[in-house]
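Here's a quick briefing on a few local features worth a look.

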Amino acid sequence: MADVSALLDDFTAECADLEHLVAPLAPADWATPTPAEGWTIAHQIAHLAWTDEVSVVAATDADGFAALLAEAAPKAFTFVDEAAEEGAKTPPADLLARWQAGRAALVAALAAVPHGTKLPWFGPPMSPASMISARIMETWAHGQDVADALGVTRTPTARLRTVAHISVRTRNFAYSVRGENGPTEEFRVELTAPDGSLWTWGPEDAPQRVTGPALDFCLVATQRRHRDDTALRTSGPDAEHWLSIAQAFAGPPGTGRAAGQFA
């Protein structure tokens, strides 16, 4: 059973690391383009702020979230971009304060959710642990866009385990969102953690395998790096294909990053 308290601590730490990058920026620097086409640093933070706020609604107001869901349904996933675009117009100091307040509210809201509760979402209902895990993954991934925009190399942490776990769990989603049928058998995933230890998923004797640095795997699965620009290795054609379409985040198929973009 996932430790919600520990996950909330990790979420707080992940947000703090990103805040260290954006808080010192001059207002004009928030307009710096990121690798996500059409998105500036302000768009990235606005997206995180909006998603945290919507997560608070899901955790505290089922009727309110149902209304949000009904409003968003006809727009497919364009409502996500619309929210980022609108939020990016906010003065940077106000946007930063909004993000800070929203994530603090989310930590408090999820800490108060009774054990066993399932929270509504745009996809299947989620446990508090699953919701905060998704927020860790998204904060880390969008934080990578900000870091890339600023030319900063971040130090990987043990929080990557949550990102990697979601990436493994969403394997078949990556196939289905592209109209493909995923493999029926599990893959073996063996990743070297930042501290040199080994993180593993799947049967030890699985013929299809992915091995390599946990950081590389997380970058590929969140589509922040092209598979060819990593030290990941595969055994089996299905595992290799998976790395070309892996998608840890919800929504339509992402375009990812071009090979050599960050060489």
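Predicted model: local features only at pLDDT ≥ 70, side-chain atom pairs only at ≥ 80, totals over all residues.

Residues are numbered from 1 along each chain as its sequence is written, and side-chain values use heavy atoms, with hydrogens and water left out.

**Helix H5**
- H5 covers residues 92-111, 20 residues in all, and spans 29 Å from first C-alpha to last, close to the 28 Å expected at 1.5 Å a residue (that is, 1.5 Å times one less than the number of residues; helices are DSSP runs of H or I with at least four residues, strands are E runs with at least two, numbered from the N terminus).
- Its buried residues (under 20% relative accessible area, 1.4 Å probe, protein chains only) are Leu95, Leu96, Trp99, Gly102, Arg103, Leu106, Ala109 and Leu110.
- Those buried residues fall within an arc of 160° seen down the axis of H5, so they line one face of the helix (the arc uses directions from the helix axis to the C-beta atoms).
- On the other side of H5, Ala93 and Ala111 are exposed (over 50%).
- The buried residues of H5 pack against helices H1, H2, H4 and H6 (contact means heavy atoms within 4.5 Å).

**Helix H10**
- In H10 (residues 237-245), Ala239, Trp242, Leu243 and Ile245 are buried.
- They pack against helices H7, H8 and H9 plus strands E1, E3 and E4.

**Thr40**
- Thr40 sits in the loop between H1 and H2, and counts as buried because its relative accessibility is 16%.
- Its side chain reaches the backbone nitrogen of Ala42 at 3.2 Å.

Technical notes: Polar contact = N/O pair within 3.5 Å; in protein donor to acceptor, adjacent residues only side chain to side chain.
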